[in-house]
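Open the model in your viewer and show it as a cartoon. The stops below say what to select and what is found there.

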Amino acid sequence: MRLAGKIAIITGTAGGMGQASAILFAKHGAKIACVDLSEEVNAETMAAIADLGGAAISIAADITKTADVERIVSRTIGELGLPTILFNNAGADTENKQSILKIDEAAFDRVVEVNLKGPWLMIKHVAPHMIEAGGGSIINTASIGAFIAASSAGYCASKAGLVGLTKVAAVELARHGIRVNALCPGATETPMAKHQRMEMEKAGMPTSNSIIDRMGVMGRLAQPEEMANMALFLASDESGFATGASFINDGGWLAMSGLPVQG
Ligand SMILES: NC(=O)c1ccc[n+]([C@@H]2O[C@H](COP(=O)([O-])OP(=O)(O)OC[C@H]3O[C@@H](n4cnc5c(N)ncnc54)[C@H](O)[C@@H]3O)[C@@H](O)[C@H]2O)c1
């Protein structure tokens, strides 16, 4: 029980890494506010947490809207208590993989809103209550795309921005006992990854299984649970000295960004 007595808000809990994390955090004793765009999409996650005897509430909200974020906070406090963990996991990529010269303006704006403005709004509204609780841990899911051109312009730019936001939040909130770190996954087998593969195919980009699955030196995609385990470490007191840092969990993708190594 590494999160006993903690109250966690996790965004994007319908599937993928958010779902795996909500289940894992609940197994470790946290009460979870599961946030996604609708109650329906959260149903599977809520059922899994109920099956293991965990405590969770489901909140339908769009993290880019202030009124929705205020509702996430008031429901969490009213129904669970003061939050001490915020996992900004929800994210989106542009609907198509068009080049920087062709990308639609509204699509670019939306991806920046979800990946960058949303986490900032969540921190702005949740952190005051963490301060009231005596401190906490905030985890922002960025991406390997914060460091290399691994996806669309809007996606990589917003994730790089999120790494910057993480550092500023870590510095500003340290005196309140709040740690803020970025989790930077490599290619992970989630609904988003499946969708991205389809979009790349539509755009005529090379997407054979061998290319996607070799985004790293392990020759496979990560499983969502492998990201949830790192999020658990960052959420727990075990990572008590870590703040303002980017935790890369990419199966060696960044390590092989130079010339291919023989052998
Ligand atoms: N899958 C990968 O290969 C990969 C790699 C690097 C980083 N990431 C990042 O990891 C995080 C989780 O990704 P995933 O692959 O599990 O994705 P996913 O698409 O399976 O899950 C993301 C969830 O966020 C929710 N969401 C989207 N916009 C929202 C909004 N405005 N308000 C509330 N919820 C919203 C979606 O409904 C969805 O359930 C994302 O931030 C993503 O950018 C994913």
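**Starting at the sheet**

Select strand β6, residues 178-185, together with β7: the two pair in the parallel sense over 4 bridges. The model is a predicted one. Within this pair, pick Pro185, which stands opposite Asn249 of β7.

Next, select every strand. In what order do the 7 strands lie in the sheet? Reading across, the order is β3-β2-β1-β4-β5-β6-β7, the sheet is open, and the pairing is parallel. Look at the edges, where β3 (56-60) and β7 (246-249) stand. Each of these has a single partner strand, so one side of β3 and one side of β7 are left without a neighbour in the sheet. From one strand to the next, the twist averages 15°.

**A residue in α1**

Select Ala22, which has its place in helix α1. Is Ala22 buried or exposed? Ala22 is buried: 32 other C-beta atoms lie within 10 Å, and the cut-off for a buried residue is 20 or more. Leaving out residues up to four places away in sequence, Ala22 touches Ile10, Thr13, Ile32, Cys34, Thr45, Ile49 and Ala56. Take Ala56 from that list and draw a distance between C-alpha atoms: Ala22 and Ala56 are 34 residues apart along the chain, and their C-alpha atoms are separated by 8.8 Å.

**Around the ligand**

Select the ligand and the residues that surround it. There are 28 of these, and the closest are Gly12, Gly16, Gly91, Thr190 and Met192. Which elements each supply at least two residues of this shell? They are α1 (16-27), β2 (31-36), α4 (105-133) and α6 (191-202). Colour the shell by residue type: 13 of its residues are nonpolar, 13 are polar and 2 are charged.

**The whole chain**

Along the principal axes, the C-alpha atoms fill a box of roughly 50 × 40 × 40 Å. Colour by burial, and 45% of the 263 residues are buried. Of the contacts with a separation of 6 or more, 75% are between residues 24 or more positions apart.

Methods:
Residues numbered from 1 in each chain as written. Predicted model: local features only at pLDDT ≥ 70, side-chain atom pairs only at ≥ 80, totals over all residues. Near = placed C-beta within 6 Å. Nonpolar A, V, L, I, M, F, W, Y, C, P; charged D, E, K, R; others polar. Buried ≥ 20, exposed ≤ 12 C-beta atoms within 10 Å, placed from the backbone. Contact = placed C-beta atoms within 7 Å. Pairing = 2+ DSSP bridges. Axes fitted to C-alpha atoms, helices over the stretch in contact; angles between N-to-C directions.
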